[in-house]
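Open your viewer and get your selection tool ready. We will walk through this model one stop at a time.

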2 protein chains.
Amino acid sequence: MLKGTQSIEFDDAPYIISQASVVGKKEGEGPLGQMFDLVEETNLFGQNTWEEAESEMQKQACQLTLNKAKLKPNEVHHLFGGDLLRQGIATSMGIMELQIPLFGLFGACSTSGESIALSAMSVAAGYGDYVMAVTSSHFGSAEKEFRFPLAYANQRPLSAQWTVTGSGAFLVGKRKSHVRVAGVTIGKIVDYGLKDSQNMGACMAPAACDTIIQHLRDFGRQPSDYDRIFTGDLGYVGQSILFDLMRKRGEDIKQNHVDCGMLIFDQKTQDTHAGGSGCGCAATTLAAYVLPKLESGEWKRILFVPTGALMSTVSFNEGKSVPGIAHGLVLEHC
Amino acid sequence: MLKGTQSIEFDDAPYIISQASVVGKKEGEGPLGQMFDLVEETNLFGQNTWEEAESEMQKQACQLTLNKAKLKPNEVHHLFGGDLLRQGIATSMGIMELQIPLFGLFGACSTSGESIALSAMSVAAGYGDYVMAVTSSHFGSAEKEFRFPLAYANQRPLSAQWTVTGSGAFLVGKRKSHVRVAGVTIGKIVDYGLKDSQNMGACMAPAACDTIIQHLRDFGRQPSDYDRIFTGDLGYVGQSILFDLMRKRGEDIKQNHVDCGMLIFDQKTQDTHAGGSGCGCAATTLAAYVLPKLESGEWKRILFVPTGALMSTVSFNEGKSVPGIAHGLVLEHC
């Protein structure tokens, strides 16, 4: 069951029974636009504030996921959820109405991996036939939280990423499907001392490298054992740093690495600079693009490694560095 | 294994092997002062900011806990940790140096229960021989985060509580001790529509009631089956509301209810109004006061129900209510 020093391989691997993605207008206009379950045209989802909109996205993503599995909220034993806002308020306000017992999480943009890992650990242990994971981010609420209000119209450096407006929800359970969570690698915090909150890819790449290397060691595998190795939102800057760091550790993942932040927007036409970011980025890309390819059998096994930048405006203003964390999930066609 | 609709009873209940409490000056002067492992006289723990001080408390609490069990950080499979600050920054910065794989949590002041529940679930499932839980709060960082900077010297209403400066850490594992985590009840979010962030006890009491009632129902027990029923930080206002709500649901817990927020400060001499609060309140009281009485066998079984108020300054400023959540832990002498 325990595998190496940081990993778990499930004896009876739980299934991802259903999933759903809810996104905003810009994401709907991007390369994956046709694949999302729901694209909202105003980014407000009928609400009055960005924060309420983000909560509404989480609720809708959960409801769509439950509908696909023909389940009611009270059939889900508990839910792991989180977001990027202070005190995880998007999740608290979003899933409240569903009345599913809640474990609130925070792992910055790695929360999508954290929530699915914990859901799979729960189901595999027999703590519920159905457990859910949900995460989100919203461009408007994230800019207000971490940078400047949108109305300030500040100029963004080229290393900056565009926070995805989106929420992905996942139902994990014992009921068979064509995708299972075979194992997880739990990430450590990695700090290279970078302090630039407008260059998150660089801050998170060392954590991605650390988790991928540890994962391969724990499972005794090569990068080629995976059809794809996905990171969450390193973007263009982070990907090139990840390649360099991996090469120094003797591994080359150039052939099969894909970053959700590079997939979700068209860099040339959508003015998103270094790519997409936010835990909604990895979550919606996983739900809309990755899982269908695993379901169909086009891919047999992937490694999903969303990364998070552990910072707050207070830590940034107090001159602290921005450490990263990344969790790894082995997802297999079955 | 599953018990009722929201609970889990462990077949092979994991043990709390060791624990430690680290607190500030005011807590050291309170009724539990002599019981804490470490009392710091300046509240800064040798650091420059309240946030750094809170991180330092978490690190010291973890190190003390590991020392007591004669373990090194790399022998702990993973850690569940959280705090009250935006983006859980006290935990990220605090436990980084220990290099233990991390699952970051947020459940407001219920995080102490959330972290121990998940640690016990992990150990019982075989996901690690040793798993840790740590939480903290700091009066200085919490006032800055949620209310006013200390230098502003605003007057506090009588319903306000005093955030405990403290951190409690717990090592959960298979190695036998005299206290085990027999079961957990996972809380739902409960919202009575209250909007007063200076009256947290009232906001959280309905969640405490909901979890206690559900727990008793899931386990088929009476309040008298517990030597004590502890809540985390309802304080004086919250306790009286809890008693009223419980009575309406047909249960009377007056005989054996204790609130950590009412224990940790002397209301008459310490000017703490409605009592202590913060996830450091429940965590340090559990570590310093509750667990020793379970270890010695003075108490055979208690129910520990820390409560959290799910709010942020943004949600408050946008006029949202303050919902509550509470998780229940059955702790038994063995």
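How many Å apart do the C-alpha centres of domain 1 of chain A and domain 2 of chain A lie? They lie 17 Å apart.

Before going on, some ground rules. Residues are numbered from 1 along each chain as its sequence is written, and chains are lettered from A, with ligands numbered from 1, in the order in which they are written. This is a predicted model, where local features need pLDDT of at least 70, side-chain atom pairs count only at pLDDT 80 or more, and totals for chains, interfaces and linings use all residues.

**Stop 1: the two domains.** Colour residues 2–173 of chain A as domain 1 and 179–333 as domain 2; these bounds come from an automatic or database domain assignment. Their contact takes 57 residues from domain 1 of chain A and 60 residues from domain 2 of chain A, where contact needs C-beta atoms, placed from the backbone, within 7 Å. On the domain 1 side, helix 4 of chain A gives the most, with eight residues. (Helices are DSSP runs of H or I with at least four residues, strands are runs of E with at least two, and both are numbered from the N terminus.)

**Stop 2: Val172(A).** Select Val172(A) and show its surroundings. Leaving aside neighbours within four places in sequence, its contacts include Pro14(A), Ile116(A), Val131(A) and Val181(A). Val172(A) is also one of the residues that touch the most other members of the largest nonpolar core, which has 220 residues. Such a core is a set of buried Ala, Val, Leu, Ile, Met, Phe, Trp, Tyr and Cys residues joined through C-beta atoms within 7 Å; buried means 20 or more other C-beta atoms within 10 Å of a residue's own, again placed from the backbone.

**Stop 3: helix 6.** Now select residues 200–219 of chain A. Helix 6 reaches 28 Å from its first C-alpha to its last, close to the 28 Å expected at 1.5 Å a residue (that is, 1.5 Å times one less than the number of residues). Of its 20 residues, 16 are buried. Just after this helix, Gly220(A) takes a positive phi of about 60°.

**Stop 4: the partner chain.** Finally, show chain B. A rotation of 180° with 0.0 Å of shift along its axis superposes chain A on chain B, with RMSD 0.0 Å, which is the relation of a two-fold axis. The contact takes 47 residues from each of chain A and chain B. Among the elements that each supply at least two residues on the chain A side are helix 3 (89–95) and helix 11 (313–317).

Key. Least-squares fit on C-alpha atoms with pLDDT ≥ 70 in both. Buried ≥ 20, exposed ≤ 12 C-beta atoms within 10 Å, placed from the backbone. Contact = placed C-beta atoms within 7 Å.
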